[in-house]
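Visitor: I would like to learn how to read the meeting of two chains in a model. Could you take me through it step by step?

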Amino acid sequence: MMRLSVVENGHRFSQKIILSIIRVTTGRRAPDILRTLMYRSEFFGKPVNQWLEATMRGSSHWSVAERELFGAFTSHVNRCPF
Amino acid sequence: VAGQAASLFLCAIDQAEFSLWCLGVLQSGCRKQAGSIRKSLMNMHLAGLAQQLRDTVLKSSGVTQTTLRQAVQARVAAVSRGSVEATEDVPVELQTYLDKVAKHAYKVTDKDVDSLKQAGYSEDAIFELTINAAVAAALVRLECGLQVLQGGA
């Protein structure tokens, strides 16, 4: 559960619909990372997604799988579940 | 005469081969140059996106002042670099929390967030300051990693 209730429940109506669809289709609550990216997305979600898209999916010497592995390892070292 | 003709013929072939070799080298050089330019453009593009992220979380409208966010980014960047001279421009009640986010975010607890709320920070203010701290910490790590790759560490 989120520590900030605004990030848990403070999304715009359209985003709440998306979160509800995720809950219904997957049978699980939408993950915290998604809630964080969607909350006030113009503040953080949009610019960080552009950067992530370019670094994780853009042109590179490394394959997408290799980049995902780097990310997973870094998260593991940071003791971050995402 | 026949020997001379043969010699000239072989010489002409040599010259043709040499010209082809030169063309190959030139083409390979151009390809390498194009690859290098493409790589530079890509790096510039990624650096631009990182800067855009930093600027957006710093300057977007919100409940906290840009000056406070700037101070938060500066402190977290200093702490992430291991600087003992972390800036003192951020309020005392924020310092412990920010230092935790900078060094080991997984240690943040409900108690840390509650103490900020008790100190008068709204949830949106905590969100904005945490995002600024996280972005600053991430970009310092990126910068350090790139320095290592470029042999500057």
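Guide: Let us begin with an idea we shall need: a salt bridge is counted when a side-chain nitrogen of Lys or Arg lies within 4 Å of a carboxyl oxygen of Asp or Glu. In this model, which is predicted, A:Arg40 forms such a bridge with B:Glu128, and their closest N and O atoms are 2.7 Å apart.

Visitor: How many salt bridges are there between chain B and chain A?

Guide: The count between the two chains is 3 salt bridges, and there are also 9 residue pairs in polar contact, both residues of each pair being at pLDDT 80 or more.

Visitor: Which elements of chain B give two or more residues to the side that touches chain A?

Guide: They are helix H1 (2–59), helix H4 (110–118) and helix H5 (123–149) of chain B, and the largest share, 10 residues, comes from H5(B). By class, that side of chain B has 15 nonpolar, 8 polar and 6 charged residues.

Visitor: How much area do chain B and chain A bury between them?

Guide: They bury about 2,200 Å², with 67% of it on carbon and sulfur atoms. Of the area that chain B buries against chain A, 29% is supplied by B:Tyr106, B:Glu123 and B:Phe127, which is more than any other three residues supply. Counted by contacts, 29 residues of chain B meet 20 residues of chain A.

Visitor: What should I keep in mind about confidence?

Guide: Where pLDDT is low, the predicted coordinates should not be read in detail. Chain A averages a pLDDT of 92, and 99% of its residues score at least 70.

Conventions:
Residues are numbered from 1 along each chain as its sequence is written. Chains are lettered from A and ligands numbered from 1 in the order in which they are written. Side-chain values use heavy atoms; hydrogens and water are left out. Contact means heavy atoms within 4.5 Å. Buried area is the accessible area (1.4 Å probe) that two parts lose on being put together, summed over both. A polar contact is a pair of N or O atoms within 3.5 Å; within protein, one must be able to donate a hydrogen and the other to accept it, and residues adjacent in sequence count only if both atoms are side-chain atoms. Helices (H or I, at least four residues) and strands (E, at least two) are DSSP runs, numbered from the N terminus. Ala, Val, Leu, Ile, Met, Phe, Trp, Tyr, Cys and Pro count as nonpolar, Asp, Glu, Lys and Arg as charged, and the others, Gly among them, as polar. pLDDT is the predictor's confidence in each residue, from 0 to 100.
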